[in-house]
Amino acid sequence: MQVRAVKTRKIIPPKDDLLSVIKESILDIKERSIIVVTSKVVSIWEGRCIKISEVKSKEELIKKEADSYIEGKEYKPGGIVMLTVKENILIPNSGIDESNANGYYILWPKKPFESVKKIYEF
């Protein structure tokens with residue numbers, strides 16, 4: 001097995017076209033290849049970004065986005081951490097990310113398995 005990183009242009013919130021980035025960056029995909037794409041990039045592709053200034057409370061956003069959560073939170077450097085379940089995946093903060101997001105909260109993909117299918121079919 002060989003693993004190699006593929007350099008792409010930046011994918012920028014609040015919405016960007018992931019499929020065109022794949023097309024521009026990967027010219028030849030060999031049979032049985034696996035392409036790994038982060039959930040953050042998929043979320044930007046889906047437009048699942050909210051300006052931080054438009055959110056009253058990150059904690060309320062976490063609760064709204066979670067399928068279920070454990071009440072209570074821990075404060076860590078950089079903010080709160082709340083244990084949540086999203087799309088049957090145990091993930092902190094409902095998968096919400098704000099690092100390198102240009103003033104946006106990037107939410108977890110709406111239906112990640114459907115997104116994977118779209119990328120596969122492309």
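Buried means under 20% relative accessible area, exposed over 50%, and partly exposed in between, using a 1.4 Å probe and protein chains only. The model you have open is predicted, so local features need pLDDT of at least 70 and side-chain atom pairs count only at pLDDT 80 or more, while totals for chains, interfaces and linings use all residues. Residues are numbered from 1 along each chain as its sequence is written, and side-chain values use heavy atoms, leaving out hydrogens and water.

Start by selecting Lys86 and Glu65: both are buried, and their side chains meet in a salt bridge at 3.5 Å, N to O. (A salt bridge is a side-chain nitrogen of Lys or Arg within 4 Å of a carboxyl oxygen of Asp or Glu.) Lys86 lies in strand S5 (residues 83-86) and Glu65 in helix H3, so the pair ties together parts 21 residues apart in sequence. Helices (H or I, at least four residues) and strands (E, at least two) are DSSP runs numbered from the N terminus.

Arg48 sits in the loop between H2 and strand S1 (49-51), 17 residues from Glu65. Arg48 is buried too.

Next, pick Arg9 and Asp16, whose closest N and O atoms are 2.8 Å apart in a salt bridge. Arg9 is partly exposed at 35% relative accessible area, whereas Asp16 is buried at 14%. A search of the whole structure finds nine salt bridges.
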